[in-house]
Amino acid sequence: MDFSIWFLMGAALVFFMQGGFAMVETGFTRAKNAGNIIMKNLMDFCIGTVVFAFLGFSLMMGESALFGLIGKPDWQIFTNFSEWIEVNGSSFVFNLVFCATAATIVSGSMAERTKFSAYCLYSAVISLVVYPIEAGWVWNPGGWLATRGYIDFAGSSAIHMVGGITAFIGAAILGPRIGKYVTDKKTGKKTAKAIPGHSITLGALGCFILWFGWYGFNGAAATNISSLGHIFLTTTLAPGFATVTTMLFTWIKNGKPDVSMSLNGALAGLVAITAPCGYVDAGGSMIIGIVAGFLVVAAVEVIDMKLHVDDPVGAVAVHGVNGVWGALAVGFLGNPNVPDPFGDGTVTTGVAGLFYGGGFGQLWTQFYGVLAIAAWTIVTMTIVFKIIKSVNGLRVTAEEEVMGLDLPEHGLPSSYGGFMMIPEAIGYETGGADASASPVVKVPESAAVKVTNLSTPGAKMTKVTIVTNQNRLAGLQAALESIGITGMTVTNVLGYGMQRGQTEVYRGVKVETKLLPKVQLDIVICKVPTDTLVSTVKAALYTGNVGDGKIFIYDVENVIKVRTGEEGYDALQDD
């Protein structure tokens, strides 16, 4: 077998993993942001290609300088291409696709509320400087960690841990999505709320694509058939055991097996086996997978419920936490008798972990290597995000976030043409107060429409229809509940008034977005006075801007409750 060809085939498999990341992140987030997620994953690779060609690759794989801390930029890709391509062509493509993986991990943790411009700036910086320097420590033959025996065969720490740490820093600085955490006004305790993704099917497809691509991710660097078979084996066993562990753990813990968490479990097992895949035996890979299966569940819950850092896809738990575990696992479970992935198939690695008679030597090397890479990432990426926040801004406006980023950021009314999006009733907190549920202005009752209502059995019934912007739904619901409205019908509608819609561009052609997304609430009242309802609605919706909404009032002849046969006033009352 020509392993130079396999090397490039493996790189192609790793490139295909970008599609897997895109599907996982899209499925685990809401439909109104699908186009934005796809665009970020696309640009991670494309922006990464530009900056990696100009500087990143030479910083990573160039002649070592400063005691193996950084490669010397030489730009021979432009000045001496014929000689450069003979030596570096395959290496460039291979390391580029790995670089793009590190960048794209962060997309999921910062999903649904990040400015696209800010994300592009982040993606450029991590691929230009941050990733190439630390990856050079590990994989450049002159890198300071490589010369000290640090082992990260395919990137548990150099790629996944770096991506996971960056994801945590970015999500923490950015802040949670609107409605993710709610503070109890009496106790001050912050509670996490679930915001389910719109398609577990897409998430599962992405997981399978990633698993498929991972055989190239882990196996591409193997130089003999024995080692390649060995790496494929460990890359299968670890995620398999991790997924079963996660399934059973969530089943016992929550009463039912968790689908999305099990998908995360598979990815956690893959991340954990990435560093030790060529250095552990079958039993070791099983242990690595089992630990990863427990770790991912615990980490997701601690990060969400205790630290209150909003990570929609679990990127920090999957890549950050299990990236650390995978790198350390070499020091615990390295088997000196497995075939050397860089040999000819007749020699073994000789790398012995703590549990295979090697003592603490390799474990110590792995420990300070992980510590050094983590420290570099924390310092550099904190500075990067702080600068982007100050200069460009990181976060979209609250209105844009509630609307979804597809339209305001990309002029895309929907990533699912022809499908209606379900409106969300999510309140948001500003300075500890629920801004969406608070009236914008006080409207005197004298300004309200006066409708006679005796509020007694036999009194006339009134239907009130309210049409307004989707981002006002949560506040309106809260206001209506405060006056005793306990039932309503909410419908997602499309329409326009005199303002029509803003002209957008799709694939270079103007699209007149005349039909704007709205919500319609239908309420039938008898006990609650109509003037009270109208004044409450006006107070909750009024901003003075076009699109505040309209209120329609109709007489109702009768109401019949099907279950009991009650009519009129009685049919409208709660049991």
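The side chains of Arg395 and Glu401 meet in a salt bridge at 2.8 Å, N to O; a salt bridge is a side-chain nitrogen of Lys or Arg within 4 Å of a carboxyl oxygen of Asp or Glu. This is a predicted model, in which local features need pLDDT of at least 70 and side-chain atom pairs count only at pLDDT 80 or more, while totals for chains, interfaces and linings use all residues. Residues are numbered from 1 along each chain as its sequence is written, and side-chain values use heavy atoms, with hydrogens and water left out. The count comes to eight salt bridges.

**Arg395 and Glu401**
- Arg395 is partly exposed, with a relative accessible area of 26%, whereas Glu401 is buried at 2% (buried means under 20% relative accessible area, exposed over 50%, partly exposed in between; 1.4 Å probe, protein chains only).

**Arg30 and Glu112**
- A salt bridge joins the side chains of Arg30 and Glu112 (2.8 Å, N to O).
- Arg30 lies in the loop between α1 (3-27) and α2 (34-61) and Glu112 in the loop between α4 (81-109) and α5 (116-139), so the pair ties together parts 82 residues apart in sequence; helices (H or I, at least four residues) and strands (E, at least two) are DSSP runs, numbered from the N terminus.
- Arg30 and Glu112 are both buried.

**Arg177 and Asp310**
- The side chains of Arg177 and Asp310 form a salt bridge (2.8 Å, N to O).
- This pair links distant parts of the chain, 133 residues apart: Arg177 is in the loop between α6 (156-174) and β3 (181-183), and Asp310 in the loop between α10 (282-306) and α11 (315-333).
- Arg177 is buried, with a relative accessible area of 4%, and Asp310 is buried at 1%.

**Network**
- A network of salt bridges links Arg30, Glu112, Arg177 and Asp310.
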